[in-house]
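Try each task before you read its solution.

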Amino acid sequence: MRQDVPPEQEEQEEDAEEQGGAHRRYLTRAGAERMHRELLRLLNEERPKVTAEVSAAAAQGDRSENAEYIYGKKRLREIDRRIRFLSKRLDTATIVTPAEQTDQGRVYFGATVLLEDEDGARTTYQIVGSDEIDTQGGRISVESPIGKALLRKAVGDTVEVMRPRGEIELTIVSIKYV
């Protein structure tokens, strides 16, 4: 779930999908459940609450200078945009359960990979869809430079990844599908 995505980027992604630029989107089962929970919360809690606030503000009279009404309508549009975005993503995504991966000796979507860099520092990442990115939580996109470099690699393989601070070599220490 990417709550850090600005509404403009959501709109651009929606426009690209509508114009046929959509490619297959994958979500892990956990990521789909998080998005579904957010969708239900917006539909069942947030939207009714904001709708009631807007109705109460509208009852106060002049709407053109009523800040509560104007803000409430804006918030309602944001909620509706997010609901449409989540609904569309959940409807069109392919849900993947990592534990069901048959070839667990290589890195594929959903894999949790332990990496070691040139200095011996170890980092764990789970390869997920672009809607599930959480770098603090160790979830990186399959479309990221590291995600792309790791795909189809096995334990012991070394990959080179270009990043803003320069190129780095990462060695795969272990692969798990949880």
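**Exercise 1: a glutamate with two partners**

R75 makes a salt bridge with E46, with 3.4 Å between the closest N and O atoms.

Solution. Start with the ground rules. This is a predicted model, where local features need pLDDT of at least 70, side-chain atom pairs count only at pLDDT 80 or more, and totals for chains, interfaces and linings use all residues. Residues are numbered from 1 along each chain as its sequence is written, and side-chain values use heavy atoms, with hydrogens and water left out.

- Step 1: check the term. A salt bridge is a side-chain nitrogen of Lys or Arg within 4 Å of a carboxyl oxygen of Asp or Glu.
- Step 2: Helices here are DSSP runs of H or I, at least four residues, and strands are runs of E, at least two, numbered from the N terminus.
- Step 3: look for another partner. R41 also bridges to E46, at 3.6 Å between the closest N and O atoms.
- Step 4: ask about cover. Buried means under 20% relative accessible area, exposed over 50%, and partly exposed in between (1.4 Å probe, protein chains only). E46 is buried at 18%, while R41 is partly exposed at 30% and R75 is partly exposed at 24%.

**Exercise 2: one more bridge**

Solution. 

- Step 1: read the distance, which is 3.0 Å.
- Step 2: compare the cover. E116 is partly exposed at 25% relative accessibility, and R122 is exposed at 52%.
- Step 3: zoom out. Across the whole structure, a search turns up nine salt bridges.

**Exercise 3: the aromatic pair**

Task: the structure holds one aromatic pair. How are the rings of Y26 and F109 arranged?

Solution. 

- Step 1: get the geometry. The Y26 and F109 rings are 5.6 Å apart centre to centre, with 45 degrees between their planes, so the pair is tilted. The cut-offs: Phe, Tyr and Trp rings (for Trp, the six-membered one) pair if their centres lie within 6.5 Å; planes under 30 degrees apart are stacked, over 60 edge-to-face, and the rest tilted.
- Step 2: locate the partners. Y26 is in strand β1 (residues 26-28) and F109 in the loop between β2 (94-96) and β3 (112-117), so the pair ties together parts 83 residues apart in sequence.
- Step 3: check the cover. Y26 is partly exposed at 33%, but F109 is buried at 11%.
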